[in-house]
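This briefing goes through one protein model by topic. Please have the sequence and the coordinates at hand.

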Amino acid sequence: MKSISIGIIEDNVDFLQSLCGVLKQNSHLNLVTWNSAEDFWTNGQSREWDLLILDIGLPGMSGIDVLKTYHTVESRKSLVISALQTDDAIFSALRNGASGYIWKSELDSLPETIQTILEGGSVISPSIAAKVLLSFRKPQTFSDPSGVGVEVLTPRERQILELIVEGDNPNQIASLFGTTVGTVRQQIKAIYKKLQVNTRVQMLKKARQFGIF
């Protein structure tokens, strides 16, 4: 059987040992670990991994930051194993390319989870699935309590708004989408117009008010 290369970014040494202990039961898995995202980018990013496993709450550069850059190559696969249960962490990970998101307490099913992802599937914990389903039930049009209507953003405009919320600037967004900074700035202007705001602070406040993120 072909050897499967798995990279793991995890700063909790005890959990990392437990994780590796589970995975080493399969002799076909070739494991390499790092204790921080910075260490991964220095020593591991030049190699293509069959699967990258990572936590979100890493010291320094976060797991979300890793996913944003790592998944600029579409074929790459990643699995988040984390204790973070906030909606922001979960949806940011899934939006930025993670094929799975499970809790650190769910290592018993890890071999099956990895196999599913390597075969092109996705795996998320049942409680996370409930959050995802609930998000799809949110209304797709919004109205201002003052009576002023708000246009629904296009999918790309929604993506850009989400990236702005996460702290990305126009240069980073342009690089991520393979477009020009000028194009991104025009799209941001369109978002301002649709949300009827004049500043970034107003844009973020109104976006949250209408449930856009």
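A contact here means heavy atoms within 4.5 Å. On that basis, residues 24 or more positions apart account for 59% of the contacts in the protein with a separation of 6 or more. The model is predicted, and local features need pLDDT of at least 70, side-chain atom pairs count only at pLDDT 80 or more, and totals for chains, interfaces and linings use all residues. Residues are numbered from 1 along each chain as its sequence is written, and side-chain values use heavy atoms, with hydrogens and water left out.

**Overall make-up and confidence**

- The protein has ten helices and eight strands; helices (H or I, at least four residues) and strands (E, at least two) are DSSP runs, numbered from the N terminus.
- Of the 213 residues, 41% count as buried, where buried means under 20% relative accessible area, exposed over 50%, and partly exposed in between (1.4 Å probe, protein chains only).
- The average pLDDT (the predictor's confidence in each residue, from 0 to 100) is 83, and 87% of the residues score at least 70.
- Confidence is highest in strand β3 (residues 51–54), with a mean of 97, and lowest in strand β8 (residues 149–150), with a mean of 40.
- Over residues 139–150 pLDDT stays under 50, and the model has 21 contacts beyond four places in sequence for this stretch.
- Where pLDDT is low, the predicted coordinates should not be read in detail.

**The sheet and its helices**

- Six strands form an open sheet with parallel pairing, in the order β2-β1-β3-β4-β5-β6; two strands pair if DSSP finds at least two bridges between them.
- The edges are β2 (29–34) and β6 (123–124), each with a single partner strand, so one side of each is left without a neighbour in the sheet.
- Strand β1 (residues 4–9) pairs with β2 in the parallel sense over six bridges, and S5 stands opposite N30 in β2.
- Helix α3 packs on the sheet, where α3 touches β1, β3 and β4 (78–82), and its direction makes about 160° with that of β3.
- Helix α5 (residues 110–118) also packs on the sheet, touching β1, β3, β4, β5 (100–103) and β6, with its direction at about 150° to that of β4.
- For these angles, axes are lines fitted to C-alpha atoms, for helices over the stretch in contact, and angles run from 0 to 180 degrees between N-to-C directions.

**The annotated residue D55**

- An unreviewed UniProt entry carries the annotation "modified residue: 4-aspartylphosphate" for D55; such annotations may be inferred rather than shown by experiment, feature names are shortened, and positions are given in the numbering used here.
- D55 is found in the loop between β3 and α3 (63–70), and D55 counts as buried because its relative accessibility is 5%.
- Leaving out residues up to four places away in sequence, D55 touches I9, E10, D11, G63, I81, S82, A83 and K104.

**P59 in the loop between β3 and α3**

- P59 lies in the loop between β3 and α3, and P59 counts as partly exposed because its relative accessibility is 42%.
- The C-alpha atoms of P59 and S36 are separated by 6.5 Å, although the two residues are 23 residues apart along the chain.
- Leaving out residues up to four places away in sequence, P59 touches D11, N35 and E38.

**Salt bridges**

- The whole structure has four salt bridges, each defined as a side-chain nitrogen of Lys or Arg within 4 Å of a carboxyl oxygen of Asp or Glu.
- One of them joins K104 to E10, with the closest N and O atoms 3.2 Å apart.
- K104 lies in the loop between β5 and α5 and E10 in the loop between β1 and α1 (13–23), so the pair ties together parts that are 94 residues apart in sequence.
- E10 is buried, with a relative accessible area of 2%.
- K104 also forms a salt bridge with D55, with the closest N and O atoms 3.0 Å apart.
- This pair links the loop between β3 and α3 to the loop between β5 and α5, and so ties together parts that are 49 residues apart in sequence.
- Through shared partners, salt bridges join E10, D55 and K104 into one network.
- E48 forms a salt bridge with R76, with the closest N and O atoms 2.6 Å apart.
- E48 lies in the loop between α2 (37–43) and β3 and R76 in the loop between α3 and β4, so the pair ties together parts that are 28 residues apart in sequence.
- E48 is partly exposed, with a relative accessible area of 48%, whereas R76 counts as buried at 15% relative accessibility.
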